[in-house]
Amino acid sequence: MNLESLDGRLLFAIPKKGRLHDKCLELLAGANIQFRKHDRLDVCLVLNHPIALVFLPASDIPSFVGKGNVDLGITGHDVILEANMQEHVTEALRLGFGKCALQVQVPENSAFKKAEDLAGKRVVTSFEVIAGEYFGKIDQGLGLEGDKRTQIEYVGGSVEAACALGLADGIVDLVESGDTMRAAGLHAIATVLQTEAVLIKSSTPKHANLTPLITRITQRIAGVIASNKFVLCQYNIPRASLAKCTAVTPGRRAPTISPLEESDWVAVSSMVEKSRAADVMDELVQAGAEDILILKLDNCRV
Ligand SMILES: Nc1ncnc2c1ncn2[C@@H]1O[C@H](COP(=O)(O)OP(=O)(O)OP(=O)(O)O)[C@@H](O)[C@H]1O
Ligand SMILES: O=P(O)(O)OC[C@H]1O[C@H](OP(=O)(O)OP(=O)(O)O)[C@H](O)[C@@H]1O
């Protein structure tokens, strides 16, 4: 592939590895963005749209998008703040995966009970900008200045080992299940922020002619996200009990109600959140509904 073949194409940055990579590939497949990637190449042309995918470290994506080198990207909300790019990128969509919390952690047996207890101590992290700002405010509140301020030290990985190695009194790191934290004998004493994966675009786009394609790709991805979040719930109900049931399944706009051949019965069809589907079915049974079906959505635009 020569670089001229990128001319006029929308450049879309995808994390090349790590926690977000596989989910991003699922999103691209759901949005029918087709490509064939060569193992050794981090740029590839999309076969069915004027788009090129650029596979980059998640941590580099905010600045590439913010500076307008690429037009669209997927990364973590935390990564945007760490790159100090929040003014330069617009979060077009929250993607509902890569959800975790950036937390202040200390050894389980430590005397530090809250973040303020670590003020003036040694904190190791891969998020030196966010942690620096967080402890900077605490230091300021406590009037700590000069070499009395909290020492934030950067490490590129294995942050959870820092306390056991004697490098730190506490750490700031991501927690999802908490398995890594517990395995390292640590517990959380404060949450700095909650994060999830986001679709971002430049706040000052360089290529105005790409706006319609950015909008179309954003809508497609929003559809894939919604189809993962919602299911379609269908059931039959005597007309007399309809109001009770539609209170349980109000739908996004309104439920669809169709007559049945049996005159005092109707069929209802409504989108419900997947995570609530079992509770909704219990409540519908209680309200007199029959023949309740939950149907998976392959894709949608809502
Ligand atoms: N355990 C997790 N659960 C959910 N999301 C996570 C988790 N760990 C990281 N993330 C999200 O994925 C982003 C990238 O983290 P990841 O650990 O995959 O980094 P990476 O790009 O592989 O870099 P490296 O492997 O060099 O640390 C994080 O900034 C965060 O938004
Ligand atoms: O709470 P948990 O479910 O255990 O997840 C938290 C861990 O996940 C991330 O690391 P990852 O496993 O992606 O590897 P990394 O250290 O190479 O970034 C993060 O840095 C934590 O170490």
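User: What makes up the shell around ligand 2, by class?

Analyst: In this predicted model, the shell around ligand 2 has 3 nonpolar, 5 polar and 5 charged residues.

User: How do you know which residues belong to the shell around ligand 2, and which come nearest?

Analyst: A residue is counted if its C-beta atom, placed from the backbone, lies within 6 Å of the ligand. There are 13 residues around ligand 2, and Leu174, Glu176, Ser177, Asp179 and Thr180 come nearest. Strand 9 (170–175) and helix 5 (179–183) are the elements that each give two or more residues to this shell.

User: What surrounds ligand 1?

Analyst: Ligand 1 is surrounded by 17 residues, of which Gly18, Arg19, Gly76, Cys100 and Glu176 are the closest. By class, its shell has 7 nonpolar, 5 polar and 5 charged residues.

User: Why is ligand 1 said to lie between domain 1 and domain 2?

Analyst: Domain 1 (3–98 + 197–206) and domain 2 (100–195) both give residues to the shell around ligand 1, and therefore the ligand lies between them.

User: Which residues does the catalytic domain annotation cover?

Analyst: The UniProt annotation "domain: ATP phosphoribosyltransferase catalytic", from an unreviewed entry, covers residues 58–218. That span is 25% helix and 30% strand, and its end C-alpha atoms lie 19 Å apart.

User: What is the predictor's confidence in the protein chain?

Analyst: The mean pLDDT of the protein chain is 95, and 99% of its residues reach 70 or more. The model scores ipTM 0.95 and pTM 0.91.

Note on methods. Residues are numbered from 1 along each chain as its sequence is written. Chains are lettered from A and ligands numbered from 1 in the order in which they are written. This is a predicted model: local features need pLDDT of at least 70, side-chain atom pairs count only at pLDDT 80 or more; totals for chains, interfaces and linings use all residues. pLDDT is the predictor's confidence in each residue, from 0 to 100. Ala, Val, Leu, Ile, Met, Phe, Trp, Tyr, Cys and Pro count as nonpolar, Asp, Glu, Lys and Arg as charged, and the others, Gly among them, as polar. Domain bounds come from an automatic or database domain assignment. Helices (H or I, at least four residues) and strands (E, at least two) are DSSP runs, numbered from the N terminus. UniProt positions are given in the numbering used here, feature names are shortened, and annotations may be inferred rather than shown by experiment.
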